[in-house]
Amino acid sequence: MKHELLKLPYDYSALEPYIDSRTMEIHHSKHHQAYVDKLNAALEAHLDLQEKSVEDLLKDLNSVPEDIRTAVRNHGGGHYNHSIFWTSMDSPTKVAVTGGSREPAGAIGDAIDKEFGRFSDFKEKFAAVAVGVFGSGWAWLVKDNLGKLIIISTPNQDSPVSQGLAPLLGIDVWEHAYYLKYQNRRAEYVENWWNVVNWEEVGRRFVV
Ligand code: MN3
């Protein structure tokens, strides 16, 4: 079984003007595709591992043979993290048209209020972590095994699932995610990104 690049649930232009379509196209069809290809290449000589989902591989990296462990961590992590990222977002117009909300509602909304205070406080804390990632990496809202919400960052393509945490929402802060439009202005990218967060999907992940 080969790992495959998922088709985006929206067009490359869907997240305009907050994330431009050229960035989306290169990010998905080149960067993410490369992680998928390199993961498959790493697993080529390991038939037994080809049956495992990328999530299961990442959850137990110690069981992955040492000669491909770094490749699975980096490329498997890249594949998995980007899959979470794409589906954490949706068109800002669609969100408005469907009567959805750009703020978390229901159980996830309550949990965020309980853990972080107001939604604006949560956004501020999350953005500070995202902007503060040194070099390439990710900021995440995750749920631990007791159901508690935490904001964390991971370097490179390390994934929260490798730490036993369930990723609910993640933002890619590698330069390839924003450089064409925002250049060095990562904080502006993070600020604009809130407009495309798909809170319905985040809410679904929270109650699983
Ligand atoms: Mn990326």
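The side chains of H82 and H27 are joined by a polar contact of 3.0 Å, where a polar contact is a pair of N or O atoms within 3.5 Å; within protein, one atom must be able to donate a hydrogen and the other to accept it, and residues adjacent in sequence count only if both atoms are side-chain atoms. The side chain of H27 also makes a polar contact with that of D172, at 2.9 Å. The model is predicted: local features need pLDDT of at least 70 and side-chain atom pairs count only at pLDDT 80 or more, while totals for chains, interfaces and linings use all residues. Residues are numbered from 1 along each chain as its sequence is written, and side-chain values use heavy atoms, with hydrogens and water left out.

H27 belongs to helix α1, residues 21–43, and H82 to helix α3, residues 66–87; helices here are DSSP runs of H or I with at least four residues, strands are runs of E with at least two, and both are numbered from the N terminus. H27 counts as buried because its relative accessibility is 1%. H82 counts as buried because its value is 0%. The term buried means under 20% relative accessible area, against over 50% for exposed and partly exposed in between, with a 1.4 Å probe and protein chains only.

Leaving aside residues up to four places away in sequence, H27 touches H32, H82, F85, W86, D172, H176 and A177, a contact being heavy atoms within 4.5 Å. With the same exclusion of residues up to four places away, H82 touches H27, H32, Y35, W138, Q157, D172 and H176.

An unreviewed UniProt entry annotates H27, H82, D172 and H176 as "binding site". These residues are spread over 150 residues of sequence, yet they cluster in space, with a largest C-alpha distance of 12.4 Å. UniProt positions follow the numbering used here, feature names are shortened, and annotations may be inferred rather than shown by experiment.

Among contacts between residues at least 6 apart in sequence, 66% join residues at least 24 apart. Of the 208 residues, 49% count as buried. The C-alpha trace spans about 50 × 40 × 35 Å along its principal axes. The radius of gyration is 17 Å, which agrees with the value near 17 Å for a compact globule of 208 residues; this radius is taken over C-alpha atoms, and the globule rule is 2.2 Å times the number of residues to the power 0.38.
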